[in-house]
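User: I would like to learn how to read a protein model, one feature at a time. Where do we start?

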Amino acid sequence: MTNSMNNTIERLKSIIRNLKVEEIDEREVKIEIKPEMVLNALSLLKGSGYSHLSIITAVDWIEENKFELVYILFSWNDGGKFIVSTKIDRKKAKFVTVKHLWPIARYYERELHEFFGISFEGNDDMRPLFLENWDDLPPLRKDFDPMEYSKKKFPDREYHKDVIHEAKVIRGDLNG
Amino acid sequence: MGEVKLFFGPNHPGMHGNFSVHMYVEGDTVERARPLPGFLHRGFEKLMERRLWYQNLALIPRICVPEPDINEVCYAMAIEKIAKIDVPERAQWIRMIILELARIASHMMSFPGIGGPLGLYTSSFWGVADRDRILDIFESLTGARIYHMFIVPGGVRKDLTPKIQDLIVKTLDYIEGRLPDYEDLIFKNRIVHTRLKGIALLDRETALELGVTGVGLRATGVPYDIRKVDPYLFYDKVDFEIPTATDGDAYSRVYLKYLEIYQSIKIIRQCLEKMPEGKVNVPLSEGSALRYKVPKGQAYVHIESTRGEYGYFMVSDGGEKPYRVAVRGASYPQTFIGVEKYLPGTRIEDVPIWLSTMDVCAPEVDR
Amino acid sequence: MKNKTMPDKDFFSPIKAWKFLFKKPVTIKVPYVKREAAERYRGFHINDWNECIGCGTCAKICPTDAIKMVEVDDLPQEYGQKPQRPVIDYGRCSFCAMCVDICTTGSLKMTREYVHISPEPEDFIFAPTEKGIHGIEEVPVGWVRDEASELLELERVEMEMLDGEERVQSFIEYVKGYSKEQAIHEAARCVECALCTDRCPQHMQIPEYIKAIWKDDLNDALKWLLKGDETNNMLGANPFSAVCGRVCTHKCEEACSIGNRGEAIAIRWLKRYIVDNVSDYKKIIEIKPAKKDKKIAIIGSGPAGLSAAYFLSTMGYDVEVFESLSKPGGVMRYGIPSYRLPDEALDKDIAFIQALGVKIHVGISVGKDISLESLKEKYDAVFISTGFSLGRSTKVPGTDHEDVLQALPLLREIRDYLRGEGPKPKIPKSLVVIGGGNVAMDVARSIARLQKVEYGQVDVKVTSLERTFDEMPADMEEIEEGSEEGIEFYPGWGPVRIIIDEEKIKGVELKKCVEVFDENGRFNPKFDEIQKLYLDADMVVEAIGQAPDYSYLPEDLKEQLEFVRGRLVTNEYRQTNIEWLFAGGDIVNGPDIIHGVADGYWAARGIDEYLSKGVK
């Protein structure tokens with residue numbers, strides 16, 4: 001871990017009790033925090049140089065009945081990365097927006113709403129972004145089965161050629 | 001005159017890939033703009049969850065056409081980070097060669113990118129023809145021209161032979177010799193100066209606030225390049241520079257790409273020199289490829305692509321397939337907030353230039 | 001470079017591009033100019049049909065589902081092969097060459113062709129051949145698998161064993177068995193082609209239980225072993241998994257597709273890993289069939305008899321087994337030495353069979369203590385599996401000496417002694433074993449151990465007609481391990497006489513054998529009478545084969561039955577010409593345990609069918 005990352009973690013610990021820190025490699029740390037502390041932690045990290053938001057994404061832990069929200073922050077000063085993770089209830093998939101911290105969050109959140117069905121308080125623009133006329137479960141949820149969906153939506157096409165006969169002709173076993 | 005709604009795309013000669021912008025114009029000037037992605041959404045992230053670790057190799061390069069290798073490297077490096085695999089040194093050097101070749105090929109494609117909107121078709125033809133020579137290298141090294149499917153978790157699939165090395169050396173010499181022609185044709189061209197200078201301005205604060213990376217950010221004067229700031233592979237063992245500019249306009253962004261080609265050539269030459277002999281891969285895990293497993297874990301890997309920070313966030317539950325992979329498309333910020341907030345004020349004829357030099361890339365945004 | 005200033009505009013510079021005006025274009029005129037792709041190019045497929053075994057691994061790795069295996073009727077139906085070949089849909093293929101890299105035989109390759117054009121959608125599916133998909137004589141070969149791109153793991157996880165010097169000192173089982181990590185590693189090598197299932201006489205569900213090991217679900221793995229395919233009459237179940245996991249002749253491993261380029265999966269050791277690492281079977285496996293009001297008698301408690309008992313009791317029948325010796329197990333108990341198959345392993349299997357309600361009566365010899373006719377009266381059907389219990393003799397002069405022994409009685413004596421249930425057998429200072437099969441090896445290696453304990457040194461010589469180790473019917477590993485334990489081999493000699501001096505055996509006189517089988521492949525040895533060999537010994541054991549003992553069959557029944565070369569003829573359900581009498585094991589098929597298990601399985605189904613018809 002870089003010095004700056006160590007210092008930042010110390011400062012995080014001062015505002016968050018029982019901070020779970022996992023060092024992934026020397027410039028990458030994952031911290032798990034309770035949902036209500038996420039905004040504070042993100043603001044603190046942004047103020048400590050980890051101001052570049054790489055991505056906001058989510059993981060569907062269907063067996064735990066949780067969505068894990070993941071914010072990845074990066075510092076151009078020392079190359080350190082913080083993976084800030086929090087788990088929210090899958091049934092009441094609701095969180096708060098961070099668009100006031102990073103304007104692009106508005107779109108990441110809109111994407112998460114579209115693909116996971118998570119809504120973000122304070123971000124009203126939840127129109128579909130990538131999918132058109134979508135009529136099924138949010139597709140990145142684990143209970144959505146794309147195979148079933150495509151079988152339902154798209155016809156199958158079958159070949160009618162006798163490939164083995166043709167192969168035998170090519171091999172010279174049979175005369176075409 | 002009232003406001004007119006104008007559709008840009010989804011097919012447009014100044015735009016690679018399918019991407020649409022709804023523009024509300026008054027006169028020649030864009031008043032409001034709305035990005036409309038989704039035409040290239042193929043559900044890669046979902047598809048990856050349903051394929052074996054090794055099988056995904058055939059899928060991921062398709063996220064980005066001009067520079068498919070960044071996907072392979074990110075995917076491989078993320079797995080290696082989770083599984084703590086020590087990749088043989090030679091493989092790392094070969095990966096760097098491939099990445100830099102891909103960077104050259106992709107930058108070459110940026111000449112058609114501005115050739116189209118400007119009507120300077122010679123630069124388009126040259127760019128495509130010279131890029132093809134890089135594709136020839138890829139063909140002999142990896143066995144395929146566009147989607148190489150060559151960088152695998154644990155290393156690369158085959159070794160670099162002396163014959164291919166010769167081809168690389170010769171091609172690099174050729175391209176280096178060709179670059180001044182591009183400078184003459186494009187960068188000293190009065191029309192290009194008139195059309196690109198001062199256009200599509202982006203200042204440093206905005207770029208940083210939006211999260212714009214790559215040449216878009218470096219054209220505002222900061223030398224932010226992940227290869228230097230958060231080095232991966234052996235980028236900390238080679239000598240190269242990060243070209244920067246201060247104008248923050250379309251011209252400087254394209255010119256930085258041009259300068260980066262020189263740097264890439266320099267890096268590849270060092271790689272060829274420093275590369276040790278040895279194995280080029282280790283198996284991802286025990287057993288056959290049908291039963292490769294990656295231990296439980298999460299990792300985020302990002303690299304400097306031609307368009308900026310390209311990243312993979314990967315989650316493994318210890319099984320034979322990825323549990324979740326999220327892809328950070330490099331041009332995500334400018335494609336959305338950029339188009340919505342900073343395209344307004346641009347004249348209609350400058351819109352393709354804006355989109356092209358801002359590196360709006362639909363396939364990586366849509367995924 | 002960093003501070004390189006941006007170029008100024010220059011009116012004339014762009015005009016320099018005119019210098020290319022009269023140069024040749026860089027493009028080529030397709031199709032007039034032909035360009036061959038690079039040496040590694042991944043074009044279309046080539047598949048050598050003679051090398052391909054139809055294992056379907058290519059179809060499994062294919063990330064785009066482009067490969068389907070299609071049956072080809074007129075391909076040879078051989079073990080280790082499936083009569084099917086890959087068919088590739090080029091509408092789906094992504095040209096990644098994973099199929100080439102994982103091909104178990106190396107029959108798949110890719111070409112250096114760029115182009116395939118057709119206006120017909122039907123023209124994009126092919127079964128690639130030696131001549132590719134376009135029928136070109138010398139197709140230019142592009143991407144091939146090499147050591148770096150290999151996607152299989154060819155080397156087996158090594159099994160730890162005691163070394164020869166150590167293991168010869170006792171009868172302790174010397175194969176240590178896989179640890180969990182080793183077993184999961186070995187299981188990960190499997191590609192689930194199921195060629196092994198076809199080869200196994202009992203068609204055990206091998207890929208399924210290997211997969212269960214890989215997933216570390218041993219309860220599921222045990223289910224596959226003991227219940228087989230539950231949707232298909234328990235096909236592939238094997239109540240003697242602990243036994244077969246140690247001493248099976250593992251024909252499956254000969255068929256393993258990985259064996260084409262590497263070492264076959266250690267299927268036998270994986271099976272052993274499952275049974276060794278689960279507790280009592282009955283805590284895991286639940287078998288509660290509806291009781292049927294029918295009783296079956298089984299004569300002989302060897303592999304076939306007890307397997308039949310197992311399968312019949314899973315169907316709900318009342319089964320009673322009659323065994324003449326004092327413990328059940330037959331050849332598994334009294335034939336195979338305990339350093340290969342310890343009693344505990346056998347007891348574990350038999351305990352589960354007994355837990356299902358099978359009654360085993362030991363010490364009752366049918367034909368002496370109880371007659372077959374009386375069994376017929378009391379039971380609805382009878383299954384006989386009495387095995388080959390009589391030894392064969394070379395009948396050369398001197399074989400009637402008391403120190404010329406038969407293999408099976410000697411092995412039985414040794415096992416009884418080791419179990420503490422019998423007297424110590426006579427341990428020779430120097431032994432000659434006549435015979436080249438596994439029984440001969442068992443005798444040699446058992447006596448070697450006894451010698452080591454008694455005298456501190458091994459002096460055992462094995463001689464056989466077969467002239468090479470390959471020709472000898474014994475497993476190669478038996479010969480190798482025997483050598484490590486100090487046994488000497490003299491292949492290619494036939495006995496002339498036993499040398500006896502003053503009533504004591506001094507040795508064996510042998511003559512050179514020049515040919516064992518004639519041109520028709522029949523056993524018909526030819527000798528060179530001049531070349532002689534003398535081996536010292538104070539004991540000789542004959543292990544040249546065994547014979548059945550049918551003395552318990554009454555004459556009137558014997559007349560109705562049909563025998564071919566000492567073996568009983570049955571239909572596929574192991575039913576003899578007498579409809580209530582079923583038979584299996586060595587007296588019907590032989591030659592090993594797993595064939596006996598298969599006999600027991602099919603006989604159980606046959607008996608079930610016979611009794612369901614409402615006869616009697």
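This is a predicted model: local features need pLDDT of at least 70, side-chain atom pairs count only at pLDDT 80 or more; totals for chains, interfaces and linings use all residues.

User: How many helices and strands does chain C have?

Analyst: Helices (H or I, at least four residues) and strands (E, at least two) are DSSP runs, numbered from the N terminus. Chain C has 20 helices and 22 strands.

User: Why is chain C called more spread out than a compact globule?

Analyst: The radius of gyration is taken over C-alpha atoms, and the globule rule is 2.2 Å times the number of residues to the power 0.38. For the 616 residues of chain C the rule gives 25 Å, and the radius of gyration is 32 Å, well over that value, so chain C is more spread out than a compact globule. Along the principal axes, the C-alpha atoms of chain C fill a box of roughly 120 × 65 × 55 Å.

User: What share of chain C is buried?

Analyst: A residue is buried if 20 or more other C-beta atoms lie within 10 Å of its own, exposed if 12 or fewer, and partly exposed in between, with C-beta atoms placed from the backbone. In chain C, 47% of the 616 residues are buried.

User: Which way do the residues of strand 18 of chain C point?

Analyst: In a regular strand the side chains alternate between the two faces of the sheet. In strand 18 (residues 539–542) of chain C, Met539(C) and Val541(C) point one way, Val540(C) and Glu542(C) point the other way, and all are buried.

User: What does strand pairing look like there?

Analyst: Strands of a sheet pair through backbone hydrogen bonds, either parallel or antiparallel. Here two strands pair if DSSP finds at least two bridges between them. Strand 11 (residues 404–406) of chain C runs parallel to strand 18 of chain C, joined by three bridges. Gln406(C) has Glu542(C) as its bridge partner. Strand 12 (residues 431–434) of chain C is also parallel to strand 18 of chain C, with four bridges, and Val432(C) is the bridge partner of Val540(C).

User: In what order do the five strands of the sheet in chain A lie?

Analyst: They form an open sheet in the order 1-2-5-4-3, with mixed pairing. Strand 1 (20–25) and strand 3 (52–61) of chain A are the edge strands, each pairing on one side only. Strand 4 (residues 66–74) and strand 5 (residues 81–89) of chain A run antiparallel and are joined by nine bridges. Within that pair, Glu68(A) stands opposite Lys87(A).

User: Which helix lies across strand 4 and strand 5 of chain A?

Analyst: Two ideas are needed. Two residues are in contact if their C-beta atoms, placed from the backbone, lie within 7 Å. Axes are lines fitted to C-alpha atoms, for helices over the stretch in contact, and angles run from 0 to 180 degrees between N-to-C directions. Helix 2 (residues 38–47) of chain A lies across the two strands, running at about 170° to strand 5 of chain A. Helix 3 (residues 105–116) of chain A packs on the sheet too, touching strand 3 and strand 4 of chain A, and its direction makes about 15° with that of strand 3 of chain A.

User: How do helix 4 and helix 5 of chain B cross?

Analyst: Angles under 35 degrees count as roughly parallel, over 145 as roughly antiparallel, 65 to 115 as roughly perpendicular and the rest as oblique. The axes of helix 4 (residues 121–142) and helix 5 (residues 162–187) of chain B come within 10 Å and cross at roughly 170°. The two helices are therefore roughly antiparallel to each other. Their contact has 12 nonpolar, four polar and three charged residues. These classes work as follows: Ala, Val, Leu, Ile, Met, Phe, Trp, Tyr, Cys and Pro count as nonpolar, Asp, Glu, Lys and Arg as charged, and the others, Gly among them, as polar.

User: How many residues of chain A are in contact with chain B?

Analyst: There are 28 residues of chain A in contact with 30 residues of chain B. On the chain A side, strand 3 of chain A gives the most, with six residues. By class, that side has 18 nonpolar, four polar and six charged residues.

User: How many residues does the contact between chain C and chain B take?

Analyst: It takes 43 residues from chain C and 40 residues from chain B. The chain C side divides into 24 nonpolar, six polar and 13 charged residues.

Note on methods. Residues are numbered from 1 along each chain as its sequence is written. Chains are lettered from A and ligands numbered from 1 in the order in which they are written.
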